[in-house]
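Here are some friendly notes on the ligand site and the pockets. Have a look at the structure first, then read on.

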Amino acid sequence: MLSYPEARARVIEQTKKSSRPRATLSKTVNDALGDVLAREIRSDREYPPFHRSTRDGYAVRSSEASPGATLKCTGEIKAGDTVTEPLAPGACIQIMTGAAVPTGADAVVMIEFTARSGDAVTFQRANSPGQNIVQKGSEAHAGDLTLPVGIRLGFAELAAAAQVGAAELLCYRRPRVAILSTGDEIVPIAETPGPFHIRNSNSVSLAAQVRLAGGEPVQLGNALDRVDDLSAKIELGLREDMLVLSGGVSMGKYDLVESVLNTLGAEFYFDAVAIRPGKPAVFGRCRDTFVFGLPGNPVSTMVTFQLFAIPAIDVLGGARPRQLPLLEANLTKTLHEKPGLTHFLPGYFEWTGISPEVHPLRWHGSGDIAALTQSNCFMVVPADRSDIPAGEKVTVLPRLDVI
Ligand code: AMP
Ligand code: MG
């Protein structure tokens, strides 16, 4: 059975072979958070565009501003001022953060290290050429690559685009991800469930996870545990870039997802992963749609989506698959788990200022959505460990939506 890193690697390897063309669309920079860039962006000019002071202080010739020296202040430059006059020998100019350093000056001395009396400024500390100045063009030259194709646009990337004047960005269309729950017991959330019915919460959590990952959810509702209904609804899902099913992948008599996919011509890349919850997770391709069959227990569905479906959305969306953001934290309570599978257990990660800690939460297994609402991470307990004593470090997988 594959380990979860092996299963992830397989998802990445296979989705990279996708044959679907990737459409593009134009987005304003304010509207492109989480999108993937489809046309590179280059720098329109030098950055910074002038020698920029990084401090409030005095622009000087460093050789003239040694400790104890006094120079005459001949003016003031603030951010946005046009600077044409050079710094005269024997003089200094008061300068503000973000302002252009005049020619002749090679350093800015922080105002805190000077004393002023009228026009006379006395310098108190040694200084060196270049200090507190960012040289013109040191961050980027005109024409340099600012953002490559395939980069996912977060706040820093959007700021970089805005800085060089790229107000409209060509982005890849987000992968369309069909969501299909399965189960005779599942009812729409707007309906009153019978005593043995369960509301369709998986379609809601999956759509949220798809959106967070940068995909566009396409809701297909629920299929009954019957070959005809399942086939017909899977067919609808095969129109999209990706199809995520929940439920129907275990060993039960009515777990039909794999066999129906098989009949429809699917090729499978894995149908089990050595994790708990989530062991029966299935990944394959049917025609040119990548398909995940995730176990239906709500926490299993969430964990397996985060582990395996996110990198598929990245690759299908034209982006580099993002890393699993694993952290380490000190366990605050001893854990006992059966060895053999890697366990993902709900926890609360907290940084108290000394070292990161993770508190295990009480839960009743992979159906326990209520316990998950108290969590902000999963603790990852390796397959070969049955006991982890309090105080030991454990790996932590943050929930990407709340941390
Ligand atoms: P399955 O993987 O089909 O064996 O389902 C396992 C468990 O998950 C069962 O208790 C189901 O009732 C529950 N479950 C399956 N699908 C959903 C869903 N869409 N929403 C909430 N719970 C579900
Ligand atoms: Mg079921």
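1. Residue classes first: Ala, Val, Leu, Ile, Met, Phe, Trp, Tyr, Cys and Pro count as nonpolar, Asp, Glu, Lys and Arg as charged, and the others, Gly among them, as polar. By that scheme, the lining of the second largest pocket has 10 nonpolar, five polar and three charged residues.

2. Some ground rules: this is a predicted model, where local features need pLDDT of at least 70, side-chain atom pairs count only at pLDDT 80 or more, and totals for chains, interfaces and linings use all residues. Residues are numbered from 1 along each chain as its sequence is written, chains are lettered from A and ligands numbered from 1 in the order in which they are written, and side-chain values use heavy atoms, with hydrogens and water left out.

3. Now the polar contacts (pairs of N or O atoms within 3.5 Å). A polar side-chain atom of N200 lies 2.9 Å from a nitrogen atom of ligand 1. Backbone N or O atoms also approach a ligand 1 nitrogen, at 3.3 Å for S201 and 3.2 Å for N202.

4. Which residues lie nearest the centre of the second largest pocket? They are S205, Q209, M302, R399 and D401, from a lining of 18 residues. The largest share of that lining, seven residues, comes from α3.

Technical notes. Polar contact = N/O pair within 3.5 Å; in protein donor to acceptor, adjacent residues only side chain to side chain. 1 Å grid on protein atoms, 1.4 Å probe; cavity = no way out; pocket = protein on both sides within 12 Å on 5 of 7 lines; lining within 4 Å. Helix = DSSP H or I, 4+ residues; strand = E, 2+ residues; numbered from the N terminus.
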